[in-house]
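Biologist: Could you take a close look at a single spot in this chain for me? I'd like to see the spot first and then how the rest of the chain is laid out around it.

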Amino acid sequence: NLEATIDRAFELGITHIETARGYGTSERQLGPALARHPRDRMILQTKVLPVDDAVVFERNLADSFKRLQVDYVDLLSIHGVNTARALDQTLRRGGCLDVVERWQREGRVRHIGFSTHAATPVILEAIASDRFAYVNLHYYFIFQDHRAAIAAARARDMGVFIISPTDK
């Protein structure tokens, strides 16, 4: 079913495939399904949670690539920058973002972003770091609290992915 769904999505012109290490077996299932298609015909995004130990983070990142059966991803998000602690794990010297930036220099990650369910001040701090190309955040008709974050991202020419428009 997954292979048929992916095949049909590509037939219809859908090219952005988004997953995350934390989405159960999705990376493991998507790897073989995506391998049936030319890698340069898709935009592949995955997300990896920040942790205290950058070595563990890098191991998790490498495992995601192995599961997806890819040498590079177009979009890599630090997943769940929801708290000041997660932001610190990400941004601190020797932290998770240092690993991802090295992978980017090596050509294994094209663009770096973060996904979040955080309060606006945490999101604004992450944006103000100027270390991200995009953000995945909540914003929809009855929840417009992150309007300031969208404006801040726009001012820095960051991409904005609106996630969970009906809040799951």
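Here is the spot I mean, followed by the reply.
Where is the place of alanine 119, between which strand and which helix? And is alanine 119 buried or exposed, or something in between?

Modeller: Quick ground rules: this is a predicted model, where local features need pLDDT of at least 70, side-chain atom pairs count only at pLDDT 80 or more, and totals for chains, interfaces and linings use all residues. Residues are numbered from 1 along each chain as its sequence is written, and side-chain values use heavy atoms, with hydrogens and water left out.

Okay, alanine 119 sits in the loop between strand S4 (109-115) and helix H6 (120-128); helices (H or I, at least four residues) and strands (E, at least two) are DSSP runs numbered from the N terminus. With a relative accessible area of 49%, alanine 119 is partly exposed, a class between buried (under 20%) and exposed (over 50%), using a 1.4 Å probe and protein chains only. Alanine 84 is 35 residues away along the chain, and the two C-alpha atoms are 9.8 Å apart.

Now the surroundings. The chain has 7 helices and 6 strands, running α-β-α-β-α-β-α-α-β-α-β-α-β along the sequence. Of its 168 residues, 47% are buried. Take the contacts (heavy atoms within 4.5 Å) between residues at least 6 apart in sequence: 70% of them join residues at least 24 apart. As for extent, the C-alpha atoms fill a box of roughly 40 × 40 × 25 Å along the principal axes.
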